[in-house]
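Let's take a quick tour of a protein, with an eye on its aromatic rings. Have a look at the model first.

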Amino acid sequence: MSARQRVLIVSGSVENIPCGISPYVKRIADGISKRDRYELSILTSDDPAVNTDVADDYKVYPRIKRWGPQRAFSICREILRLKPDIVHIQNPTIKYSGWRSVTMSAVAPLLKHKSPNLRLVVMQHDIALSRPALRCRFRALFKAADAILVSNSRDYKAVVDQKINTDKIYKAPFSSYIKLHKRSAEIKAQSRRNLSIPADAYCVVFFGFVLPERNRSEEHTSELQSHSFISYAVFCLKKKNI
């Protein structure tokens, strides 16, 4: 029997860190760990919220104290210490957003230089949401990668626009992380009563994260205000533990 391949997921965010990538990483880790041919581990942020005992069949290493392009050498050292055969990078995450979003564009070429046989797989999130002029900041990451995953057609096109070979770009649509429940008329009526919303009012509900640094609150509020027939808007947000 051949030796199992060592897969390392590199992500600034994992379970218990408020970020849309965190539940995705958990799903991917749970799926990979069930395949006998792989030995899985996760390298993530040195954050007190990280639970290193989240699973029995893979290890979580919260070792990265700071993310940023200037930390590329130290991040590479931590990755290579774990001796992976395949590195699966999540890009970007809340831990390396803003000016830190170029972190992996510095890390990936350095990794391939230090370990040419290393297989590098990138999961690129939401590149199409950024301004076209800023998307080039990920080009070095895409060039270094052996495979690039995106979740939708607009991100696929945004990666292709960076002059990346389509042979290594794959589209893998997401499914919902939320368990859906049937909505009866009584449940909807009770919810309106709990929120003091009249039964005949037109109501729109937003569910998810509102991150000021990504201007989501302003975008959603202005969009809702542009529709005069909407009487109520309800924001259901994730509560951060204090």
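How many aromatic pairs does the count come to? By the rule used here, the count is two. That rule says that rings of Phe, Tyr and Trp (its six-membered ring) pair if their centres lie within 6.5 Å; planes under 30 degrees apart count as stacked, over 60 as edge-to-face and the rest as tilted.

This is a predicted model, where local features need pLDDT of at least 70, side-chain atom pairs count only at pLDDT 80 or more, and totals for chains, interfaces and linings use all residues. Residues are numbered from 1 along each chain as its sequence is written, and side-chain values use heavy atoms, leaving out hydrogens and water.

**The aromatic pairs**
- Trp67 and Tyr96 make a tilted pair, at 4.8 Å centre to centre with 50° between the planes.
- This pair links distant parts of the chain, 29 residues apart: Trp67 sits in the loop between strand E3 (59-64) and helix H2 (72-81), and Tyr96 in the loop between strand E4 (86-91) and helix H3 (103-114).
- Trp67 and Tyr96 are both buried (under 20% relative accessible area; exposed is over 50%, partly exposed in between, with a 1.4 Å probe and protein chains only).
- Phe138 and Phe142 have ring centres 6.2 Å apart and planes at 50°, so they count as tilted.
- Phe138 is buried at 1% relative accessible area, and Phe142 is buried at 0%.

**The whole protein**
- There are seven helices and nine strands, taken from DSSP runs (helices H or I, at least four residues; strands E, at least two) numbered from the N terminus.
- Of the 242 residues, 40% count as buried.
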